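Subject: Structure for your review

Dear colleague,

Please find below the structure that I am handing over to you. My findings follow it.

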Amino acid sequence: MSRDVRVAVFRPDDERLAEAEALLDSLGAETVADPMLEVRPTGETPRDGAYVVLTSKTGVELAAEAGWDPDGATVCAIGESTAEALRDAGYDVDIVPKEFSSAGLVEALASEVEGERVEVARSDHGSDVLTDGLADAGADVNETTLYQLVRPEGSGESAALAAAGDLDAAVFTSSLTVGHFLEAAEERGVREAAIAGLNDAVVGAIGDPTCETAESEGVEVDVVPEVADFETLACEVVETAAPTYHE
């Protein structure tokens, strides 16, 4: 099954990128692997709190490797992938919001955190929506940076391909990947051409915040799945770029 679709993905160069490549290969697409995020651990671990919020699989893995003990805290996860990582590491998960977002977790906790200490353990690029929302609900919020997210050296092959009109689709999984893609394009002197190339291709964004970031920079987004899940996003992007009835 060959759809001749060239798809750029920007996931960190670990098992997430390998899984993305395997998935796209199974869909008959050609992957342009151009990691836009590199994880740099800070060595910090989640602090004590009545509630502890983890926002990513990466954060969970780093906490688990450091031997973090929730010590009776109510453990909260944004998203099922984060919750699954917690369970895989042997932790109980008490709260997963219906909406897998910072706003969704604020809504889930707003009525019960007044006067409580809430620890938010995440990357250095976390949304203020979460911490500000919890503080507005009366929580005593502490934020611990477990890792930094930086753009890897040498990234930007996908930007050059987009600028040349040689990219059929791109899959953005965070606002930061959008920003780093555009930074890489700027470094190569092809920012405007790369945006034009994306707008001639199929662009997928994993959720509304990522979509809003892309569109604020002039990138037209074609696909935002109802479920913030990479597999769903990738399948919908490939199907949009090369519908099966064209085969």
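I begin with two neighbouring strands: β4 (residues 51-54) and β5 (residues 74-77) run parallel and are joined by four bridges. Within this pair, Val53 lies opposite Cys76 of β5. Strands here are DSSP runs of E with at least two residues, helices are runs of H or I with at least four, and both are numbered from the N terminus. Two strands count as paired if DSSP finds at least two bridges between them.

Please note that this is a predicted model, in which local features need pLDDT of at least 70 and side-chain atom pairs count only at pLDDT 80 or more, while totals for chains, interfaces and linings use all residues. Residues are numbered from 1 along each chain as its sequence is written, and side-chain values use heavy atoms, with hydrogens and water left out.

The five-stranded sheet

β4 and β5 belong to an open sheet of five strands, ordered β3-β7-β6-β4-β5, with mixed pairing. At its edges stand β3 (38-41) and β5, each pairing on one side only. On average, neighbouring strands of this sheet are turned by 25° against each other, direction ignored. Axes are lines fitted to C-alpha atoms, for helices over the stretch in contact, and angles between N-to-C directions run from 0 to 180 degrees.

β3 runs antiparallel to β7 (residues 140-150), and four bridges join the two. Arg40 has Gln148 in β7 as its bridge partner.

Helix α2 (residues 57-65) forms a right-handed β-α-β unit with β4 and β5; right-handed means that, with the strands pointing away from the viewer, the path from the first strand over the helix to the second runs clockwise. α2 also lies across β3, β4 and β7, at about 100° to β7. Contact means heavy atoms within 4.5 Å.

The four-stranded sheet

A further open sheet has four strands in the order β2-β1-β8-β9, with parallel pairing. Because β2 (29-33) and β9 (202-205) are at the edges with a single partner strand each, one side of each is left without a neighbour in the sheet. The twist from one strand to the next averages 20°.

Three bridges connect β1 (residues 5-9) with β8 (residues 169-172), and these strands run parallel. Ala8 has Ala170 in β8 as its bridge partner. Helix α1 (residues 15-26) packs on the sheet and touches β1 and β2, its direction making about 160° with that of β2.

The helix pair

The axes of α1 and α10 (residues 230-241) come within 10 Å and cross at roughly 35°. Ala20, Leu23 and Leu24 of α1 meet Phe230, Glu231, Ala234 and Val238 of α10.

The UniProt record

In an unreviewed entry, UniProt lists residues 20-233 as "domain: Tetrapyrrole biosynthesis uroporphyrinogen III synthase"; such positions are given in the numbering used here, feature names are shortened, and annotations may be inferred rather than shown by experiment. Over residues 20-233 the chain is 39% helix and 20% strand, with the end C-alpha atoms 11 Å apart.

With kind regards
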